[in-house]
Amino acid sequence: MKARQKRMIFVGLAVLGVGAASALALSALNSNIAYFFSPSQVLANEAPPGHVFRLGGLVTPGTMTREEDGLTVKFDVTDNAETVTVAYTGILPDLFSEGQGVVTKGRLGNDGIFYAEEVLAKHDEEYMPPEVADTLQTAHASGVGESVSASSIPGASN
Amino acid sequence: MALNWFRFAAPASFYPIAGRLVPVFWVLTAVLLLVGLYWGFFETPDRLGGSNPQKEYYRIIFIHVPAAWMSMWLYVVMVGWAAIGLVFNTRLSFMMANAVAPTGAIFTFLALWTGSFWGRPSWGTYWDWDPRLTTELILFFMYIGYIALHSAIDDTRRADRAAALLAIVGLVMVPLIFWSINCPDPSQCAALHQRSNLTQIEGNILFAMLMVALAFWMYSFATTLMRLRSIILTREAENTWVRDLVSKGGRP
């Protein structure tokens, strides 16, 4: 019995140690993971100049323009404080849309435009059919302010 | 009523029980999978709307999410059996951990593979070193490492203990996968993979997903028990009950 109890304590301690390691790693992940730079950080020159880095934020609604070659797009990425214009040549991912989150990889040009080699779209946890999503959005908007008409809500029509 | 649970811990008495359970689990797998897939293909919307307007390819979640759940759950089950084996020195527990590992590895691979297929059209990339994707990949390596370490050591008892320790150390990945993206503030969530929230999923989509998850669970029972039976026979090959079984033509 003695040996079994010893082994039990040993295994218990091992699991505790593993749990502690997990908790430490999680807090590290949440606090200081440098997955991308925000526009504010880029304008404050925190991003490495001349190197490839990631820029993340929200696509500012109404800023997306397509160049004459039909492939190059330009849009503004914002963190609601600062804004950086991004130029990208290629096919945009399916979930890319104005007002949504985006992560781009590329270099900052001397003209202040971020030339992206890759554009990744972010999605969210909502899995709803279009009709339900529209109803939810309209209901939310009318709950927030009676004066806001449903037609003026961005995104309500998609 | 004192039921002696250790009676079932003897491989000789568990072997026939496992044999009777296997067909039950296969039937449950087939029924649940049929319901889940039918519901997933025919009773769910063809496309999503709102802030997450995915097209038909969103149906990959009916395989992807259950596979990812099983990959984490089976690792916990495997570590549980390994720990019981270490503490009580029961042969069957180690065999159980051994039998779970390949199924867990398959589900981990399936989660990574389907996620990659889904990621290309929606995010715009097959792979990214996002916290959840990276930790899930490491979980896959932990399964492979467990299987490899066990088969690299000839002495079965040593192999059992060494692999069990490795499995316990690898348990660190499961909470990391689970909580790596469920941080409270989405703007601070520096990850591609989305947060999960079952209340934000439409009822039919959720139902199909849960049915497939149950089917995968039953599948795990069926394959694990089948594998367990062959492990029992291999390891107990020198015992009289196995010889009797073989001389009777293999029927328990």
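Reply: Let's start with one pair: A:Val103 sits opposite A:Leu120 in E6(A). This is a predicted model, in which local features need pLDDT of at least 70 and side-chain atom pairs count only at pLDDT 80 or more, while totals for chains, interfaces and linings use all residues. Residues are numbered from 1 along each chain as its sequence is written, while chains are lettered from A and ligands numbered from 1 in the order in which they are written.

Strand E5 (residues 101-108) of chain A runs antiparallel to E6(A), joined to E6(A) by 7 bridges. Helices (H or I, at least four residues) and strands (E, at least two) are DSSP runs, numbered from the N terminus, and two strands pair if DSSP finds at least two bridges between them. In the hairpin of these strands, 5 residues lie between E5(A) and E6(A), and A:Gly112 has a positive phi near 85°. E6(A) (residues 114-121) also pairs with strand E4 (residues 83-89) of chain A, in the parallel sense over 3 bridges. There, A:Ala87 has A:Tyr115 as its bridge partner in E6(A).

Now step back to the whole chain.

Next, chain B. The largest nonpolar core has 61 residues, and B:Met78, B:Ala82, B:Ala97 and B:Ala167 touch the most other members. A nonpolar core is a set of buried Ala, Val, Leu, Ile, Met, Phe, Trp, Tyr and Cys residues joined through C-beta atoms within 7 Å; a residue is buried if 20 or more other C-beta atoms, placed from the backbone, lie within 10 Å of its own. H2(B) gives the most to this core, with 16 residues. A second, separate core of 26 residues brings us back to our opening pair, as A:Val103 and A:Leu120 are among its members, including also A:Val77 and A:Ala121.

Terms used
A residue is buried if 20 or more other C-beta atoms lie within 10 Å of its own, exposed if 12 or fewer, and partly exposed in between; C-beta atoms are placed from the backbone.
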